[in-house]
Amino acid sequence: MKTTQNNTSKTHLKKISAFLLATTLATVGTVAVLPGTSSTVQAATTKASTAKSAIHVQVEGKAIATTGTVSANGSSLLPLKDTAKAIGATVTFNAKEKTVTVTKDKHKASFALGSGSDDGVFVTLDGSTIGDSYDAKIVNGNSYVAIKAVTDQLGYRAVWNGATRTVNITKEGLNNIEVTTTTLKPTKTNSYTETNIKYPVVSGLDNAEAEAAINKAFAAHAQTYLEKVQKQAKEFGAPPKDSVITYEIDSGYKITYNRNGVLSILVTDYEYLGGAHGSSIQTGMTFSLKDGKQIQLGDLLKSNSNYRKDIDKIINAQMKKNGDLYFKDSFKGIAANQGYYLTDSGITLFFQQYDIAPYAAGMPEFPITFKQVLPSGVNPLDAYKA
């Protein structure tokens, strides 16, 4: 993921990505990483589609004139340009940056392509500075990407029919809002501190008060973080004059869920004030678009009075599978205000660095579906739909 794509300097990208990549040790599924870093996606082959591996594509049940293929690791890949156009999106390509922008309604997804035929693709949505890596390859100059690289970003679902080797893409829709990025400009500056704090701004809500409340929360988080680290930097004092050290204060975000009247954002704050490495903190911020109120984990899972115990069992079971990654007896149960963010699959709970694992494990994450912790048929998001 590159310098200009996310309006973030290469130095900042490398620093933050070191922490995000570390979380792959404890996370299932796609992983948040940044441009210019190695992704956890396995390499795909560069062989063209064959009759055996060809995938037929439908949009809303109607066949389109394009064919997908299968990567070496089993991922179903579709031609990005043809698939995007088939769902009514516009596609632009920046040859210099090797970036494809897919625009659909109020949403823009940016696809940063790898430098070779099997380098994967990094995708960000609506100006977010943190995104996901997906399997991808280039065949005869055409970009093929994992199905979810398109459907996850633009509000679609893909249903696979193994008998006919057909994928049917249907629209599920995103919230009719716009999310843009703004940069917080520090009032206190010096020659030895680089500051690059970006946070989301939401517009287009029917409820102006809710919109203001959500944006106030995002701005307040950014301002509070900046002031905290600036205070720490002042206490540490300036680096020695002959030092090459530069202090860094960074913040970026990723849209993890934007449907059904709910917006969920994962914020990653990073600071480097000298030493062997910096430190990073994640914050999940999930809001109801009806009233602008922040949704806590207990709000979502209130239909199960024992949800904390049930989640503790799930996490303990997952930790046992990778026992060497964690501090012994470090997990005592989730907190009442446990950090989480929403995804299409359910919730993902996370822990900060050193909470339950050493630095090398990053910020461990545990994905949990609603079916695992809620009564049958209960959808906690129904309460937030317009």
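Trainee: Are phenylalanine 351 and phenylalanine 366 buried or exposed?

Mentor: Phenylalanine 351 is buried, and phenylalanine 366 is too. Buried means under 20% relative accessible area, exposed over 50%, and partly exposed in between (1.4 Å probe, protein chains only). Keep in mind that this is a predicted model: local features need pLDDT of at least 70, side-chain atom pairs count only at pLDDT 80 or more, and totals for chains, interfaces and linings use all residues. Residues are numbered from 1 along each chain as its sequence is written, and side-chain values use heavy atoms, with hydrogens and water left out.

Trainee: OK, and which aromatic cluster is Phe351 part of?

Mentor: Tyr326, Phe331, Phe351 and Phe366 make up one aromatic cluster. Rings of Phe, Tyr and Trp (its six-membered ring) pair if their centres lie within 6.5 Å; planes under 30 degrees apart count as stacked, over 60 as edge-to-face and the rest as tilted.

Trainee: How many aromatic pairs does that rule give?

Mentor: The count comes to seven. One of them is tyrosine 192 with tyrosine 247, edge-to-face, at 5.5 Å centre to centre and 90° between the planes. Tyrosine 192 sits in the loop between β14 (178–184) and β15 (193–203) and tyrosine 247 in strand β16, so the pair ties together parts 55 residues apart in sequence.

Trainee: New topic. What order do the strands of the open sheet come in?

Mentor: Seven strands line up as β10-β11-β4-β3-β2-β13-β12, with mixed pairing. At the edges are β10 (136–139) and β12 (156–161), each pairing on one side only. Two strands pair if DSSP finds at least two bridges between them. Helices (H or I, at least four residues) and strands (E, at least two) are DSSP runs, numbered from the N terminus.

Trainee: How many bridges join β10 to β11?

Mentor: Four, and those two strands run antiparallel. Isoleucine 138, for instance, has serine 143 in β11 as its bridge partner.

Trainee: And what about α3, how many of its residues are buried?

Mentor: Six of the eight, so to speak mostly covered. Among them are Ile147, Val150 and Leu154.

Trainee: Last one: where is serine 251?

Mentor: Serine 251 is in strand β16 (residues 247–259), and at 7% relative accessibility it counts as buried.
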